[in-house]
Amino acid sequence: MWMASFRIPYNARRLALTVCVVLLLGFFLLPSQTQNLFQQLGGPVGWLLSWPLQGVAAIQDGIGDVWSRYVALQGVEEENRLLHREIEHLKGQNNRLRESAVATDRLTALLEFKTQALSTMVAAQVIGRDTTNWYRTIVLNKGESDGIQPEMGVITPAGIVGRVVKTTPATAIVLLVSDGNNAIAGLIQRTRDEGIVDGTAQGGVRLKYIPLLSTVRTGDRVVTSGLVGGFPRGLAIGTISKIEKEEGALFQSAELTPEVDISRVEEVLVIQSPYSPPPSGEAGTPGLKSKS
Amino acid sequence: MKAILYTILILSVVPLQSIVLPHASVWNVMPDMGLVAVCLVGLLAGELDGVLMGLAVGWAMSLFSAGDAMTSIVTKGMAGLLAGLAGRQMAQITPMVLVAGLFVVSCLAGLATVGSVKLAEDRDMWWALRTVILPQACFDAVAGGVLYWAAWNWFDVERLLKESRA
């Protein structure tokens, strides 16, 4: 049987009790200042805690790799055949889109629109999820030391994921688009009606405050409007799957199917400066600053 | 020795909660092992250890959550204090008493969290109770019961309790 002494000396007890009382008083009397103090002090602590976090994440990745490469290979042949078919289909679609892109470039130049470009992005890996059940967040393996700051937008090539809400030197916490506390300015691509995208209690995504006269319909794509937040205009958010119009309501709302499968996202890009104009001659080329 | 044990506990709670437990979540709810650990420490080592561990674990967990530090630190600190006081008052702690106690403490911590944060417009107290607080309290109670049973078999729990009450 293992034995340990759990008795605390009287002086230490008194000191610890004083610290607790001061801390609690600080939280109740000066909440914002105390929060800021803890956020500042949390930098080195977060850095220290990020080591076991990244260690466990690496072990998890290793196990996942072994599983996906050697164990879960059932149905790969069928999947391969389907993917080949899809590639053929996409090649044709790609050709048509190239033509459209050339035409769009020509028309854009004609109308003298400034091309909006993403000047800097940082690639990061998802190493964890929120430590509580109250928020839908992911933890990234890049933080302040990589130039990531709160309010920066987080995306994948498919669409938006969320925005950074908290950072430590080595990690960043991203509030997902499916969290009810998130709000991102969205735009229905076809009708150009604007609204606010937020999460639902069931973990879905919806677009609120669509004008009543809007001709929105299921299947319409919703993109970022670029008006507020850390996202440029035109990034995919999702597709409208259901429209809700209540009797006497001033606005209508719609449920979205997100472009990104948020529960399975593994690598993301953090947008560091969404609005800076591209250098001359490199218009429209998003730069990716890889720091992995 | 105790400091090392507590440091290991704090360092291991965050990866466990952030990486391992999301895989074991049911209906997107997972147990709060930080709260369970703090309650067990409070119960076995006294209210002061419980409070200090609660503050430390609460702070560490808040660094990897979108929630504010104050709610996490205060709820976990109070949970440690409650567990310590309860442990001091009870003559014998059976697994059933522990499971019931953890359920109550977890519910109180959940209610305190709901009271301190602004819920989104489509969510209310009933939603919080039904989808997060009660399922999490059940998980916490079961996890705490299992850990206590393991601690009972591996450590001299009776002696720890006697020491903490001295």
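Helix 2, helix 4 (69-89) and helix 6 of chain B are among what covers the buried residues of helix 5 of chain B. This is a predicted model, where local features need pLDDT of at least 70, side-chain atom pairs count only at pLDDT 80 or more, and totals for chains, interfaces and linings use all residues. Residues are numbered from 1 along each chain as its sequence is written, and chains are lettered from A in the order in which they are written.

Buried means that 20 or more other C-beta atoms, placed from the backbone, lie within 10 Å of the residue's own. In helix 5 of chain B the buried residues include Leu98(B), Phe103(B), Ala109(B) and Val114(B). Helices are DSSP runs (H or I, at least four residues), and strands are runs of E, at least two.

| Item | Value |
|---|---|
| Helix 2 of chain B | residues 33-45 |
| Helix 6 of chain B | residues 125-154 |
| Axis approach | within 10 Å |
| Crossing angle | roughly 45° |

Contact means C-beta atoms, placed from the backbone, within 7 Å. Met33(B) and Leu40(B) are among the helix 2 residues in this contact, and Asp140(B) and Tyr148(B) among those of helix 6.

Chain A has three helices and 12 strands. Of its 292 residues, 33% count as buried.

Terms used. Axes are lines fitted to C-alpha atoms, for helices over the stretch in contact, and angles run from 0 to 180 degrees between N-to-C directions. A residue is buried if 20 or more other C-beta atoms lie within 10 Å of its own, exposed if 12 or fewer, and partly exposed in between; C-beta atoms are placed from the backbone.
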